[in-house]
Amino acid sequence: MTLYRERLWAPPVLYLATALVIPASLLVFLPISVLAGVLVAIGMELGVLVLLWALAPTIEVTDTEFRAGKAHLPRSLVGSAEAFDGAEATTQRGPKLDARAWTLFRGYVRGVVRVEVADAADPTPYWLVSVRDPAAVVAALRS
């Protein structure tokens, strides 16, 4: 059973900013051919939009595991979990970050969850994952 699930979609302004691919590709390909310029501009824009959509990671807490993107951590190996938001989340992503930690960050998501890995054989001390509602993820992990 899924206790928490969210997809880290890019904000609408980022989708809008991808429109800058159009004039850039036109600038390069219009001197070759107008048709080539227009077709490449449309193709590049659609490609960038599809990549933004397809590469948005999913964060999920189920009865059996914690998933962040393609990574899976069995619930039996989940240690303590902490929620951070605002300035403390920035500190966790920066000065307090352990180089051995597994991370999944998205710059447009402010909150993070720190999940300890309770496996003595694993060299990764914790996961630090961007989430929009850190408190809800921690509550799901504790349930």
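Of the 143 residues of the protein chain, 35% count as buried in this structure, which is a predicted model. The chain holds 5 helices and 8 strands, and these elements follow one another along the sequence in the pattern β-α-α-α-β-β-β-β-α-β-β-β-α. The radius of gyration of the chain is 20 Å, whereas a compact globule of 143 residues would have a value near 15 Å. Along the principal axes, the C-alpha atoms fill a box of roughly 60 × 35 × 30 Å.

Aromatic contacts were examined next. A pair of aromatic rings is described by the distance of the centres and the angle of the planes. A search of the whole structure finds 3 aromatic pairs. In one of these, Trp9 and Trp53 are stacked, with 6.3 Å from centre to centre and 25° between the planes. This pair links distant parts of the chain, since Trp9 belongs to the loop between strand S1 (2–7) and helix H1 (12–17) while Trp53 belongs to helix H3 (residues 34–54), 44 residues apart. Trp9 counts as partly exposed, at 33% relative accessibility, and Trp53 also counts as partly exposed, at 48%. A further pair is formed by Trp102 and Trp127, whose ring centres are 4.6 Å apart and whose planes stand at 45°, so that the pair is tilted. Because Trp102 lies in strand S6 (residues 102–104) and Trp127 in strand S8 (residues 126–131), this pair ties together parts that are 25 residues apart in sequence. Trp102 counts as partly exposed, at 28% relative accessibility, but Trp127, at 6%, counts as buried. Ring pairs also bring in Phe66, which is linked with Trp102 and Trp127 into a cluster.

Charged groups are placed over some of the rings. The charged end of Arg7 sits over the ring of Trp53, at 5.9 Å from its centre, and the charged end of Arg114 sits over the ring of Tyr126, at 3.9 Å from its centre.

Side chains of opposite charge can pair when their charged atoms come close. The structure holds 6 salt bridges, and in one of them the side chains of Glu116 and Arg114 meet at 3.0 Å, N to O. Salt bridges that share partners join Arg5, Glu60, Glu65 and Arg67 into one network. The side chains of Asp98 and Arg100 meet in another salt bridge, at 2.8 Å from N to O; Asp98 is partly exposed, with a relative accessible area of 22%, and Arg100 is exposed, with 52%. Lys96 and Glu88 likewise meet through their side chains in a salt bridge, at 3.4 Å from N to O, with Lys96 partly exposed at 46% relative accessible area and Glu88 partly exposed at 31%.

Ile42 is placed in helix H3 and counts as partly exposed, at 48% relative accessibility. Elsewhere, Ala118 is found in the loop between strand S7 (111–117) and S8, where it counts as partly exposed at 46% relative accessibility. Ala118 and Ser80 are 38 residues apart in sequence, and their C-alpha atoms are 8.4 Å apart in space.

Notes: Residues are numbered from 1 along each chain as its sequence is written. This is a predicted model: local features need pLDDT of at least 70, side-chain atom pairs count only at pLDDT 80 or more; totals for chains, interfaces and linings use all residues. Side-chain values use heavy atoms; hydrogens and water are left out. Rings of Phe, Tyr and Trp (its six-membered ring) pair if their centres lie within 6.5 Å; planes under 30 degrees apart count as stacked, over 60 as edge-to-face and the rest as tilted. Helices (H or I, at least four residues) and strands (E, at least two) are DSSP runs, numbered from the N terminus. Buried means under 20% relative accessible area, exposed over 50%, partly exposed in between (1.4 Å probe, protein chains only). A charge sits over a ring if NZ of Lys or CZ of Arg is within 6 Å of the ring centre and within 35 degrees of the ring normal. The radius of gyration is taken over C-alpha atoms; the globule rule is 2.2 Å times the number of residues to the power 0.38. A salt bridge is a side-chain nitrogen of Lys or Arg within 4 Å of a carboxyl oxygen of Asp or Glu.
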